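Please consult the structure below alongside the text.

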Amino acid sequence: MTKVGMGAEASHDHILTSEYASLLALEFGRNPVVNDEAAFDIYPPPPHPNPSTLPPRPPVVTIMGHVDHGKTTLLDKLRSTSVAKGEAGGITQHIGAFSVPVPASEASGDVRTITFLDTPGHAAFSAMRARGAGVTDKVVLVVAADDGIMPQTKEVIDLIQKENVQVVVAINKVDKPGVNVEKVEQALLAAGVQLETFGGDVPSVRVSGLTGQGLDQLVETISVLAEMQDLRAERDGKVQGYVLESKVQKGLGPVATVLVLRGCLKPSDHIIAGLSHAKVRVLSDSNSQAVKAAYPGMAVTVSGWKELPNAGDEVLQGTESEVKKALANRIRTKEIEATLGDMEAINEQRRLEREEKEKEAEGGEKAEEPAAQPQESGPKELKLVIKGDVSGSVEAVAGALEGIGNHIARVKVIATGVGDVTESDVMRAKAAEGTVVAFSVNTPRHVQSIATSQSVPLMSSTVIYRLMDDVKERVIALLPPIVEQRVLGEANVLQLFEIHLKGKKTMKIAGCRVSNGVVNKTKLARVVRNGEVVHEGRLETLKHRKDDITEAAKGTECGIGFEKYDDLREGDVIQIYQEVEKPGNL
């Protein structure tokens, strides 16, 4: 506890009332002005004083694991729809959420549901995967029996341990011949997953997404754990939830998939998420069927947004006036933060300029020399404007692409957005000398024409790793090339001659024998003496007996003379080489 003043004490996370804050300001000689309107915002309702009296809610289960370990195929069996076939490249591109009915227990015969979040498994989507774990009650970690623990599997294990989330391991593809499930279980144990098989508390189930083997046991295990966890939430009152993804949908405009955690969401409700708000028009479930209400544990598509909310934004409910007031305050706060950021940048620039002037004053004329050099501070940047189909994917693509590069060349995302590529996207990229990246969205023909006329590169793909490969190539192109020297031929200097030229001039010619490769007059040449290069240049003369030649093969005796160099000596080695430029390495 910290003493605030006037006898009050508060912990680090305690919010002072306006009265205490005013008294504190007065102690520092300031004139406090309490503005309730400017401070207004919408917050989640306080925790229920007696949660055990609340009705049960469905568990929210996140499917996680390495790319291509069969997560989507596993869920495909659960909901009996061809999700896996519809995904580009067989990889889930953004979070899908749906409910699956399961029997609660044999005794009751009751029917419950489990809400599954199907998160992407590619490394590029680690940020979305982290969000999935943030709103989930349990994680099903899918590990392929034929692959075992892979990089993304380790990431998920780290995430589970950090977030302290309940986990069920599903060892998939057990129907494949020759797989060693015991080896996978031992690898999981070594990675810190305490399986029940070895006396731990993490259940594991052997399943097959293709044949459906073990799926009943997996669902039963999740149901039992959910009953033990006794998940409960208010089915009435104001809504609290999170945006899983958002996109612009034809006929509906901006829509967002919202996972409801508390309260009841209905059409005509007013909600706010980040810097966006909505009057709910239509609620749709995972089968695109309209629903009249969304209760805790349900994921529904919400239409009626004025602007697209961002994936991960908290969804809260209020009256129309409350939502508008909170939104205005949030926007104003954001603008103030942006202004403060600009002011900090200006102050930093002024500080640097002041320091530079002080250095110039101290160092006199010498300090001016570096300033005269062209300024190339920092790495080269490939600037990107990213457009995608849903906000979660855009965020993940931006995160993945920004990770490409090193201290010499890197990616910088200058703008992101949801929806098809527009003329303004092209012009923004043009102004920044950047590139437009279209992920799972269209670029209309007239926009393509504008991009071509403005010389703005367009990159388009529906698969994240292809985009990453293309961007990596472009970043590599920004790196200084690696110049390799390849020796094409060598000649040993055996004897030196002087030949007389016009105007009483002489020229030193080396009598040589080609010991390796081919000596070519048009290539670069250097003189190596005692293992060190003493001269680099071009050949002026290459003769075989009295004839001028352009090439001399191995074993040929020839006369060699350099341009503007006559300090050749017996025993020197003349190397003929060429320089080959190769792309830099990240």
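The lining of the second largest pocket comprises 8 nonpolar, 7 polar and 5 charged residues; here Ala, Val, Leu, Ile, Met, Phe, Trp, Tyr, Cys and Pro count as nonpolar, Asp, Glu, Lys and Arg as charged, and the others, Gly among them, as polar. The model is predicted: local features need pLDDT of at least 70, side-chain atom pairs count only at pLDDT 80 or more, and totals for chains, interfaces and linings use all residues. Residues are numbered from 1 along each chain as its sequence is written, and side-chain values use heavy atoms, with hydrogens and water left out.

**Second largest pocket**

- A pocket is an open set of points on a 1 Å grid over the protein atoms alone where a 1.4 Å probe fits, with protein on both sides within 12 Å along at least five of seven lines; lining residues have an atom within 4 Å of a point.
- The second largest pocket holds about 490 Å³ of space, the volume being that filled by probe spheres set on the points.
- Among its 20 lining residues, Leu 308, Pro 309, Asn 310, Thr 416 and Gly 417 are the closest to the centre.
- Helix H11 supplies the largest share of the lining, 4 residues.
- Because domain 3 (240-324) and domain 4 (380-478) both give residues to the lining, the pocket lies between them; the domain bounds come from an automatic or database assignment.

**Helix pairing**

- The axes (lines fitted to C-alpha atoms over the stretch in contact, with angles from 0 to 180 degrees between N-to-C directions) of helix H11 (residues 391-402) and helix H14 (residues 464-478) come within 10 Å and cross at roughly 35°.
- Helices are DSSP runs of H or I with at least four residues, numbered from the N terminus.
- Val 397, Ala 400 and Leu 401 of H11 meet Ile 464, Leu 467, Met 468 and Val 471 of H14, contact being heavy atoms within 4.5 Å.
- This contact of H11 with H14 has 7 nonpolar, no polar and no charged residues.

Notes: Helix = DSSP H or I, 4+ residues; strand = E, 2+ residues; numbered from the N terminus.
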